Amino acid sequence: MSKTIRIGTRDSELALWQAHKVKSLLEREGYNPVLKPVKSTGDLNLDQPLYEMGITGIFTKTLDVALIKGEIDIAVHSMKDVPTALPKGVVEAAVLPRANTSDIFIHKGLDDFSSEKTIATGSLRRKAQWLSKYPNHEVVNLRGNVNTRLQKLEDNDWSGAIFAAAGLERINLKPENHVELDWMIPAPAQGAMLVVTMESNPTCKTALKPINHAETALAVKVEREFLKTLEGGCTAPIGALATLENSVLNLKAGLFSLDGKECYVIEESTDLEQVEGFGKRCAELVLKQGGDRLMKELRKVL
Ligand SMILES: NCc1[nH]cc(CCC(=O)O)c1CC(=O)O
């Protein structure tokens, strides 16, 4: 009998797609994975408060709780939604090969961007970078899962909205009327999926090892180290993208004020022998350039 692995998933279309992906990878490894939808945090009924267990992520909280309570064996997350510090006892067991890292703009016509326009996004990182490029635009808040956001874009008279390409590509909803925002720095770990399990679960750690993608894991490690050094959470106006080519890792990363008027952007490369601590060193450059003062201001409002 092959070992059963309960995969916890939230019930959005994107979350389900990602959980199915991990399920099929584990099946190929000879396991018997089953999906376990986890609805809401509802009656948590835990002995300890969430913060004492190190549970902080708004998107990941539900699955963290189910994991710690032993209701599921592993959880699948969009890695950019995962706080840099995992809850106590929870470990990163596999990072899947990265998809498209870009942000895309879904529009209703691309005429005259120099004029006043209203565009929608719920992300402070996207808003700040957009306003930095188009200071006379207005950016309105847009929340909800990918499907909800696409619907709201239909229902409103905004000129467009910003999405992660990866999310729309996964569920086959990327429309024709989009442009890739190659100038926008994506969220740390955008386009990557993380599978977590409990430190105390050797079966799952072993099962997940072969599906880990070392190159993606290294890139997102550098990006998240950059984020962590700035002490920004998942919602901070901070972007980071590491790419690997011929054993050289390039990091493009930035910190932005909420109105987009202040931008601290770096682009640095390292060979792999020096990659340890590279994300931290790049963040320290940003802090020195003025990012230190901006982060202090941001922490008051975020
Ligand atoms: N914060 C929501 C979220 N988390 C992961 C994705 C898409 C997949 C990814 O970026 O890895 C999205 C949607 C979006 O940002 O448009």
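**Notes on the predicted model**

1. Asp-292 and Lys-296 are joined by a salt bridge, with 3.6 Å between the closest N and O atoms. This is a predicted model. The two residues are four apart in helix H8, so about one helical turn separates Asp-292 from Lys-296. Asp-292 has a relative accessibility of 37% and therefore counts as partly exposed, since that class lies between 20% and 50%.

2. How many salt bridges does the structure hold? The count is 14. As background, side chains of opposite charge can pair when their charged atoms come close. One of the pairs is formed by the side chains of Lys-205 and Glu-199, with an N to O distance of 2.8 Å. Lys-205 is partly exposed, with a relative accessibility of 27%. Glu-199 is likewise partly exposed, at 44%. Elsewhere, salt bridges link Asp-103, Arg-125 and Arg-126 into a network.

3. Now the ligand site. There are 13 residues around the ligand, and those that come nearest are Lys-80, Asp-81, Arg-149, Ala-164 and Gly-191. Which secondary-structure elements each supply at least two residues of the shell around the ligand? They are helix H4 (146–155), strand S8 (160–164) and helix H5 (165–170).

4. An N or O atom in the side chain of Asp-81 is 2.8 Å from a nitrogen atom of the ligand. In the side chain of Arg-149, an N or O atom is 2.9 Å from an oxygen atom of the ligand. Ala-164 takes part through its backbone, where an N or O atom lies 3.0 Å from a ligand oxygen atom. On its own the ligand has 390 Å² of accessible area, and the protein covers 89% of that.

5. Is Thr-9 buried or exposed? Its relative accessible area is 1%, so Thr-9 is buried, the limit being under 20%. Thr-9 belongs to strand S1, which covers residues 4–9. The Thr-9 side chain reaches the backbone oxygen of Ala-15 at a distance of 3.3 Å. Setting aside neighbours within four places in sequence, the residues in contact with Thr-9 are Ala-15, Leu-16, Ala-19, Lys-36, Pro-37, Val-38 and Leu-63.

6. The last point concerns the surface. A nonpolar patch is made up of Leu-258, Val-301 and Leu-302, which together have about 260 Å² of accessible area. Leu-258 sits in the loop that runs between strand S12 (248–256) and strand S13 (263–271). With a relative accessibility of 31%, Leu-258 is classed as partly exposed.

Note on methods
Residues are numbered from 1 along each chain as its sequence is written. This is a predicted model: local features need pLDDT of at least 70, side-chain atom pairs count only at pLDDT 80 or more; totals for chains, interfaces and linings use all residues. Side-chain values use heavy atoms; hydrogens and water are left out. Buried means under 20% relative accessible area, exposed over 50%, partly exposed in between (1.4 Å probe, protein chains only). A polar contact is a pair of N or O atoms within 3.5 Å; within protein, one must be able to donate a hydrogen and the other to accept it, and residues adjacent in sequence count only if both atoms are side-chain atoms. Contact means heavy atoms within 4.5 Å. Patches are made of residues with over 30% relative accessible area and no salt bridge: like charges are joined within 9 Å, nonpolar side chains (Val, Leu, Ile, Met, Phe, Trp, Tyr) within 5 Å. Accessible areas come from the Shrake-Rupley method with a 1.4 Å probe; for residues, only the protein chains shown count as cover. A salt bridge is a side-chain nitrogen of Lys or Arg within 4 Å of a carboxyl oxygen of Asp or Glu. A residue is near a molecule or strand if one of its heavy atoms lies within 4 Å of it.
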